[in-house]
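Here are my notes on this one, jotted down as I went through it. Have the viewer open while you read.

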Amino acid sequence: SVVRARKTQTKKMGDKSEAACDNYHEHSFKKNVCNNCFHAKGDHAGLESAAATAPAAAAAAPAAKAAPAAAAGAAAAVGGAGHVTASTGSSAEEHTFSDEFIKSFANLQVSSTKAEAFTPEEKEFLLSAISIYLDISPPLTPEINFQSTFGDAVLLAKLLNATNVDDKGIINEADVKPATGDPQSQKAQFGLNQNRDHIVKSVSDKRLKCAKRVTTAAIEEGNEDLILSLTAEIVKRHLLKDIVHHPDVERLLQHGERKNLHGMDPEVLLLRWVNFQLLRSRHGRNSGPVVTNFGEDLKDSVALTTLLFEIDRINCPATALSPPESNLDKRAAITVEHLNAIGCGRFANARAITEGIELINLATLADVFNRYPTFNSSYALADNPILRWINSLGVVTVGDYLTDMTDGITWAQIVDRAMPGAVDWKMVATSHLNNIKRRNNCQTMAALVAEKFKLKMDLTQEDLYTGVEDRVTPALEAIMKYDVDTNHYSG
């Protein structure tokens with residue numbers, strides 16, 4: 001594959017290969033294929049353009065310093081140069097965001113700064129999260145007295161252990177006990193202070209950002225802002241703990257990031273994963289919706305609806321978008337229904353969506369990733385009728401028909417099985433594949449499918465090569481219908 005070939009070349013050339021591919025002028029081509037990255041020369045048009053505008057970009061650098069957070073956020077969320085690998089199974093392809101998609105990040109931040117005070121919705125969410133993690137019934141409500149609830153540090157100790165992500169800062173809960181007898185007695189106060197000391201040490205060992213604010217005095221008085229801040233940090237840390245360790249996370253990385261993977265902000269990786277899923281859809285490929293934060297960009301529910309549809313199109317149909325539901329509150333309510341349908345609704349809140357409450361939306365998206373940590377979409381579900389039909393043909397096994405068929409060969413196998421003799425195999429490259437051969441295969445098959453199955457739409461090389469859903473799906477449906485009518489496939 002192209003990726004395997006590139007890895008081989010990189011191993012031969014060391015770091016020079018990747019470095020050369022960051023600069024268009026250092027590319028060298030043989031028969032229109034780059035010797036460094038094995039991409040077709042035409043694929044580097046964007047780099048050539050970028051190289052030509054580099055002096056202007058350098059001249060504008062002083063102005064850019066005025067918004068470093070936005071610039072850094074844009075680059076981080078989109079994945080540097082906009083490259084993201086969209087491969088599944090044994091089919092490895094590199095897909096890139098469109099120019100319009102990349103430009104959409106230009107003046108947006110990855111996430112907004114958290115206000116010092118927690119909103120009533122955030123307070124309710126955090127207390128609900130504590131109740132969920134510790135199985136507290138009835139759940140904690142915003143009306144609780146923070147000093148009497150958290151002042152003895154017992155619940156905090158249990159929460160820290162329940163959300164532990166490594167072996168650091170584990171508290172022996174046998175050493176943390178509520179006061180017995182007279183709580184004002186010297187013995188009781190000594191025991192309570194020991195409880196609080198355990199919390200302070202655990203938070204420090206875990207290297208939480210709020211560690212310097214966590215003191216025995218603050219815990220004793222039940223400082224509401226501190227306890228909510230501590231809860232928010234440990235809940236987010238727990239929800240995001242798996243994304244860095246996911247075996248496919250490298251598909252979200254740009255060159256050079258693998259070495260520092262465990263130092264990357266997991267929130268940024270979650271944003272990249274969301275955009276990775278959106279990229280697979282018609283919406284994501286055509287310049288939006290772009291998500292660079294967990295608040296403003298989710299308010300209209302378009303991105304969330306599209307994401308859920310990509311993950312599970314059966315339980316999460318795009319009913320809020322087609323026909324479009326103009327009332328954002330109703331649209332958000334539909335989104336929450338879909339989240340509940342796939343088991344990701346424990347933190348979901350329609351008001352959090354429409355008001356752009358980042359903390360709650362982040363938790364919801366993290367829940368979605370943790371439950372469906374996949375880089376496959378609904379087009380990879382076993383009960384998808386098209387996928388079931390393809391795999392029933394007995395000529396190939398496909399995991400995701402948008403990404404596993406981009407070499408054109410699978411299209412040829414499917415057409416040949418449904419309409420024997422229709423494929424001229426002399427026109428299909430089946431070995432020593434590179435991007436050019438893959439594209440040529442897709443060109444051949446796009447023309448053949450459009451002709452033989454009388455499509456009422458244009459089908460192009462690019463549609464098959466990049467897996468454009470609103471072109472690939474109808475084309476496969478047409479072939480499947482022909483197979484059903486002619487060969488009596490029953491599903």
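Predicted model: local features only at pLDDT ≥ 70, side-chain atom pairs only at ≥ 80, totals over all residues.

**Notes on the model**

1. Let's start with A475, which is buried, its relative accessible area being 0%. The residue sits in helix α23, which covers residues 469–487. Setting aside residues up to four places away in sequence, A475 touches W411, V449, L455, M457 and L459.

2. The chain has an average pLDDT of 75, with 69% of the residues scoring at least 70. Residues 1–115 have a pLDDT below 50, and this stretch makes 173 contacts in the model beyond near neighbours in sequence. Another stretch to flag is residues 282–288, where pLDDT stays under 50 and the model has 22 contacts beyond four places in sequence.

3. Now α21, which runs over residues 435–452. This helix has 18 residues and spans 25 Å from its first C-alpha to its last, close to the 26 Å expected at 1.5 Å a residue. At its start, a side-chain oxygen of N434 comes to within 3.1 Å of the backbone nitrogen of I436. Just past the other end, K454 has a positive phi of about 50°.

4. Which residues of α21 are buried? They are N435, R438, R439, N441, C442, M445, A446, L448 and V449. Two of those names turn up elsewhere in these notes: V449 is in contact with A475, and L448 belongs to a nonpolar core.

5. On the cores: the largest nonpolar core has 76 residues, and the members touching the most others are F150, I199, L270, W273 and L365. Apart from that one lies another core of 35 residues, including V398, I414, L448 and L476. As a general point, nonpolar side chains tend to be buried together in soluble globular proteins.

6. Last, T354, in helix α17 (residues 350–355). Is T354 buried or exposed? T354 counts as buried because its relative accessibility is 19%, and the cut-off for buried is under 20%. Its side chain reaches the backbone oxygen of R351 at 3.3 Å. Leaving out neighbours within four places in sequence, T354 is in contact with K299, L328, D329 and A332.

Terms used. Residues numbered from 1 in each chain as written. Heavy atoms only, no water. Core = buried A, V, L, I, M, F, W, Y, C linked by side-chain atoms within 4.5 Å. Buried < 20%, exposed > 50% of the residue type's maximum accessible area, 1.4 Å probe, protein only. Helix = DSSP H or I, 4+ residues; strand = E, 2+ residues; numbered from the N terminus. Polar contact = N/O pair within 3.5 Å; in protein donor to acceptor, adjacent residues only side chain to side chain. Contact = heavy atoms within 4.5 Å. pLDDT = per-residue confidence, 0-100. Expected span 1.5 Å × (residues − 1).
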